Amino acid sequence: MFSQMLQAGLYDFFFVFIFFLVAIGLSVVMVVLNSLIGPNYRGKRRGETYESGVAPIRTAWIQFGASYYLFALIFLAFDVDVLYLFPVLLTYQKGTAYIELVELFIFLFIISLAIVYAWRKGVFEWR
Amino acid sequence: MEIKKSPYCEPTIGMDGAPAVLGFAPVQDLLNLARVNSLWPITFGIACCAIEMMAAGMARFDLDRFGTIFRASPRQSDVMVVAGTISKKLVPTIKTLYEQMPGPKWVMAMGNCAISGGPFAYDGQYAIVNGTDKIIPVDIYIPGCPPRPEAFIQGLLKLQTLISKGTIDANRRAEKAAGRAKK
Amino acid sequence: MLTEGQKKLLEELKNNLAKSVPEAKISQSDYVLTGYHLEFSSSKVGMRRVAKEMRSRRFNLETVTAVDFIDSFEIVYLYFNYNQDNIRVMVRIRVPKDEPPFTVSAVYSEAIWLEREVYDFFGIQFKEHPDLRRILNPDDADYFPLLKNFGKTTITGEIDDMLC
Amino acid sequence: MTMKTIDDININERLYQLNLGPQHPSTHGVLHFLLTLDGEVVVKAEMLIGYTHRGHEKMAENRIYEQFYPNSARMDYLSGMIFNTGYCEAVEKLCGIEVPKRARYIRVITSELNRVASHLLGVMDFVMGIGAYTPFLYGWDDREIILDLLETITGSRLTYNYSRFGGVRVDIDQTFCDSARRFIDRMRERFKLYNDLITGNIIFIKRTVGVGVISKDVALDYGVTGPTLRGSGVNYDVRKSEPYSSYEDFNFEIPTKEEGDCMARYLVRLAEIEQSLRIIEQAMNNLPDGPIRADVPCFITPPAGDCYHSFESARGAVGYYIVSDGTRIPYRLKVRAPSFSNLFVMSKIIPGHFVADLVAIFGSIDVTVPEIDR
């Protein structure tokens with residue numbers, strides 16, 4: 001399987017795969033190590049949600065206003081295009097130095113137009 | 001003077017907690033170097049001592065030199081500095097905050113009110129609790145009303161030595177006391 | 001000492017208050033010694049009429065407090081007029097222990113909290129108060145601390161030999 | 001502690017109750033806001049206080065007059081000197097003690113220095129509540145100079161015990177006056193820095209202009225005093241309306257603003273720092289020499305009767321109401337705390353604002369919690 005990947009020119013994505021492996025490994029190690037080396041105190045109120053020192057009155061699982069979702073969608077706009085930046089990462093050193101950088105900024109500019117549109121539509125005024 | 005166990009090997013009194021799985025002394029002593037230089041107190045200022053704690057955090061006395069950053073939530077803090085008078089209405093809050101702090105954790109009672117009720121402790125007092133150690137176990141007591149920022153920093157350094165060389169100092173003091181008792 | 005405007009306002013206040021609460025004793029007191037210009041004292045009733053009168057003259061309700069004279073309470077209202085000529089009026093209402101007074105929170109909304117504090121310290125149940133609860137002491141407290149028979153009242157004996 | 005459910009608004013699914021509780025970075029001290037939120041908008045705000053109630057008034061009934069000195073400065077520790085001198089002036093009024101002129105001038109100087117220090121912290125705490133952390137460091141930089149200045153004569157930084165019945169404890173000398181003058185000049189240049197750093201900041205303007213407007217009627221209805229009231233256009237200052245401790249000798253204005261929003265209260269406080277500096281300068285220029293304390297017996301026994309003394313702290317009109325029954329122990333001592341009434345006005349003006357605006361409004365009203373709880 002490894003050799004076909006090489007011929008199919010997917011060799012570059014091998015590094016991305018290592019990158020993800022290291023990321024996942026690091027977080028797992030941190031969580032496991034933390035619970036091993038530190039003493040754990042299980043006080044009565046340890047599990048409860050922290051609400052500035054007082055027992056919370058009701059759970060937070062209630063109907064939310066629609067405005068909260070709009071803010072989340074705005075975040076998504078930039079979050080998705082990070083995915084498209086990966087191919088730029090791989091083909092970076094082949095062309096001359098500036099071509100990819102300029103293309104990158106044009107791409108980001110087009111994405112941020114979505115934010116400007118949302119702003120004009122009045123998403124940020126809280127209703 | 002009984003030999004005081006180092007805090008992270010024994011669960012603090014009144015807390016059902018387990019000591020560290022990797023609780024051997026060399027591992028913990030190594031980790032203590034990290035814990036000592038990043039003691040994050042919870043911003044829990046109650047009364048006048050809170051202003052002196054703020055003064056200690058500001059540019060002139062600058063707590064950042066010791067890696068001390070004031071965190072707002074107990075989830076991210078190691079030290080609870082009880083700075084001010086503990087009234088009876090505040091006791092459940094202090095207990096909740098203390099229990100919601102992850103281990104290893106320490107408590108600094110700052111100011112006479114937190115140590116023993118201070119200027120408000122007299123036998124007709126109905127409103128306050130005379131001292132933090134009646135509610136939660138306390139490691140460092142900082143006298144003063146309010147203690148000067150330098151006194152707060154000295155308390156912090158004393159806590160740091162307690163953590164890093166806690167057992168060694170305690171044992172040495174115990175042997176000296178035993179030696180004097182024999183003479 | 002007393003400016004022209006203050007004298008005029010004092011006279012006006014005197015007969016207005018006398019008209020609205022006939023059974024009250026109104027006397028002018030020496031501001032330098034006591035801190036207030038006019039003293040209005042009555043028993044059991046009159047606090048709401050005085051409050052309406054004061055509110056119509058844009059007086060500011062400074063504080064509501066009570067003093068526990070063993071057999072009865074004395075509720076003290078202090079009004080101050082900070083607009084033009086400054087006059088402070090001290091209103092004392094002598095209330096027997098078992099008969100609660102009326103609230104003035106309908107006229108001055110600040111009185112909601114001030115009267116809650118008086119209830120918290122003395123146990124005086126103000127009638128028609130929107131939400132009379134404890135404000136400073138813990139909610140499950142069963143004591144009224146500022147009563148004279150609560151806890152240790154005077155320790156004169158120890159102070160004398162301790163200090164002199 | 002039993003939790004309070006709402007009485008008049010029935011809890012439908014949309015309203016959420018949040019505790020902006022005792023331990024929160026934005027409630028300067030332990031103050032508990034019980035908020036009913038509809039999304040981000042506050043529908044009802046209820047303040048639960050009493051978390052630092054220490055029973056000052058009950059203690060006053062167990063102690064002779066002299067033993068209440070330390071308590072007086074620990075109620076509002078940010079303007080501790082003002083409370084301390086206020087308590088002494090209240091008892092002096094009760095006993096009719098005449099304070100020598102030099103002592104009155106020293107009291108004015110130290111009280112105004114303490115007012116500048118308290119305003120600096122109040123303003124910078126308000127600005128930090130909105131999110132600007134750097135001005136807090138600059139404000140503390142100036143405040144530390146005042147604390148050192150006052151420490152040279154009083155020995156303590158925060159909870160002063162400097163005034164005695166009949167005068168003050170320690171005399172001020174030439175070095176104190178010189179360093180105070182140096183501080184005044186330095187403080188005058190700092191205004192330009194604060195204006196650039198805060199007042200000119202577009203975020204600060206957007207967050208404070210038009211937020212938390214207190215109208216004159218609401219202020220009268222809720223007994224608001226102090227800079228909060230002066231921000232709504234009423235020029236009531238106890239130092240001008242009932243001059244005590246020879247305030248009538250100094251000429252200074254009372255800064256007021258008409259809008260009554262957070263920015264107005266902020267600008268009023270900055271202008272008050274400027275006025276306090278003027279008062280300190282005038283007081284030091286014509287400081288009379290003479291005794292610093294009237295000859296008062298070691299333990300005073302005031303005549304039976306009662307008296308009310310009002311004075312201006314950094315937060316509003318404070319009042320000591322003392323009932324004495326002729327013995328050495330006060331029969332009743334009531335302290336009128338301005339923060340108590342200033343805080344209650346928030347339950348009237350908060351509904352309709354965002355939660356973030358609540359922090360801005362609360363900071364602009366500048367409240368000290370142990371003074372509310374006494």
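**View 1. The surroundings of D:Thr159.** Leaving aside neighbours within four places in sequence, D:Thr159 is in contact with B:Cys48, B:Cys145, B:Pro146, D:Pro70, D:Ala73, D:Arg74, D:Tyr77 and D:Gly80 (two residues are in contact if their C-beta atoms, placed from the backbone, lie within 7 Å). Look for D:Thr159 in the loop between α5 (134–154) and β4 (163–164) of chain D; helices (H or I, at least four residues) and strands (E, at least two) are DSSP runs, numbered from the N terminus. D:Thr159 has 24 other C-beta atoms within 10 Å and is therefore buried. By the rule used here, a residue is buried if 20 or more other C-beta atoms lie within 10 Å of its own, exposed if 12 or fewer, and partly exposed in between, with C-beta atoms placed from the backbone. Although D:Ala73 is 86 residues away along the chain, its C-alpha atom is separated from that of D:Thr159 by 5.2 Å.

A note before you go on: this is a predicted model, in which local features need pLDDT of at least 70 and side-chain atom pairs count only at pLDDT 80 or more, while totals for chains, interfaces and linings use all residues. Residues are numbered from 1 along each chain as its sequence is written, and chains are lettered from A and ligands numbered from 1 in the order in which they are written.

**View 2. Helix α3 of chain C and its buried face.** Helix α3 (residues 47–56) of chain C has as its buried residues C:Met47, C:Val50, C:Ala51, C:Glu53 and C:Met54. Seen down the axis of α3(C), these fall within an arc of 165 degrees, so they line one face of the helix; the arc is that of the directions from the helix axis to the C-beta atoms. Their cover includes α1 (4–20), β2 (38–43), β4 (72–80) and β5 (88–96) of chain C. Just after α3(C) comes C:Arg58, with a positive phi of about 55 degrees.

**View 3. Where chain D touches chain C.** Chain D brings 36 residues to this contact and chain C brings 32 residues. On the chain D side, β6(D) gives the largest share, four residues. The residues of that side divide into 14 nonpolar, 11 polar and 11 charged (Ala, Val, Leu, Ile, Met, Phe, Trp, Tyr, Cys and Pro count as nonpolar, Asp, Glu, Lys and Arg as charged, and the others, Gly among them, as polar).

**View 4. The fold of chain B.** Five helices and five strands make up the secondary structure of chain B, in the order β-α-β-α-β-α-β-α-β-α along the sequence. Of its 183 residues, 43% count as buried.
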